[in-house]
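Please keep the sequence and the model at hand while reading.

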Amino acid sequence: MFNPDVIFRLLKESGKSPMDLAKSIWGNDTHTTPSYFRDHPNIRTDMLEKLSVFFDVPMEVFFDKPIPGTDRNNVVGHH
């Protein structure tokens, strides 16, 4: 399942601004913020691809599942 908390973790880790993320997904004239993803758990693949490109990570990072080849998952706030 898509985990929007990963977006906020990556924003913090990367130092990129939420507005830069919003513009990269919805264009320069957007008024939408990254909080959109918390209210829309069924993300479209084109948005997922844009997130992946923006953060330079594989699309799988945004899902609650184990990361292949590791003993960890990408769920934020869980052990």
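What percentage of the 79 residues of the protein chain count as buried? The share is 32% of the 79 residues, where buried means under 20% relative accessible area, exposed means over 50%, and partly exposed lies in between, with a 1.4 Å probe and protein chains only.

## Basis of the model

The model is predicted, and local features need pLDDT of at least 70, while side-chain atom pairs count only at pLDDT 80 or more, and totals for chains, interfaces and linings use all residues. Residues are numbered from 1 along each chain as its sequence is written, and side-chain values use heavy atoms, with hydrogens and water left out.

## Overall layout

The protein chain has 4 helices and 0 strands, which run α-α-α-α from the N terminus on; helices (H or I, at least four residues) and strands (E, at least two) are DSSP runs, numbered from the N terminus. Among contacts in the protein chain with a separation of 6 or more, 54% are between residues 24 or more positions apart, contact meaning heavy atoms within 4.5 Å.

## Helix α1 and its buried face

Helix α1 spans residues 5-14, and its buried residues are V6, I7, L10 and L11. Seen down the axis of α1, these buried residues fall within an arc of 140 degrees, so they line one face of the helix; the arc is that of the directions from the helix axis to the C-beta atoms. An α-helix has 3.6 residues a turn, so residues three or four places apart point the same way.

The face of α1 turned away from the buried side carries the exposed residues K12 and E13, whereas the cover over its buried residues includes α2, α3 (36-39) and α4. Just after α1, G15 takes a positive phi of about 75 degrees.

## Helix α4 and its buried face

In α4 (residues 45-55), the buried residues are M47, L48, L51, S52, F54 and F55. Seen down the axis of α4, they fall within an arc of 165 degrees, so they line one face of the helix. These buried residues pack against α1, α2 and α3, while the face turned away from them carries the exposed residues T45 and V53. D56 follows α4 and has a positive phi, near 55 degrees.

α1 and α4 pack at an angle of about 20 degrees, with their axes 11 Å apart; axes are lines fitted to C-alpha atoms, for helices over the stretch in contact, and angles run from 0 to 180 degrees between N-to-C directions. That makes α1 roughly parallel to α4, since angles under 35 degrees count as roughly parallel, over 145 as roughly antiparallel, 65 to 115 as roughly perpendicular and the rest as oblique. The crossing of α1 and α4 is left-handed, meaning that the near helix is turned anticlockwise from the far one by less than a right angle, with clockwise being right-handed. I7, L10, L11 and S14 in α1 meet L51, F54 and F55 in α4, and by class this contact has 6 nonpolar, 1 polar and no charged residues. Here Ala, Val, Leu, Ile, Met, Phe, Trp, Tyr, Cys and Pro count as nonpolar, Asp, Glu, Lys and Arg as charged, and the others, Gly among them, as polar.

Helix α2 (residues 18-26) packs with α4 at an angle of about 135 degrees, with their axes 9 Å apart, which makes α2 oblique to α4. α2 passes α4 in a right-handed crossing, and the contact is made by D20, L21, S24, I25 and W26 of α2 and M47, K50, L51, F54 and F55 of α4. The residues of this contact divide into 7 nonpolar, 1 polar and 2 charged.
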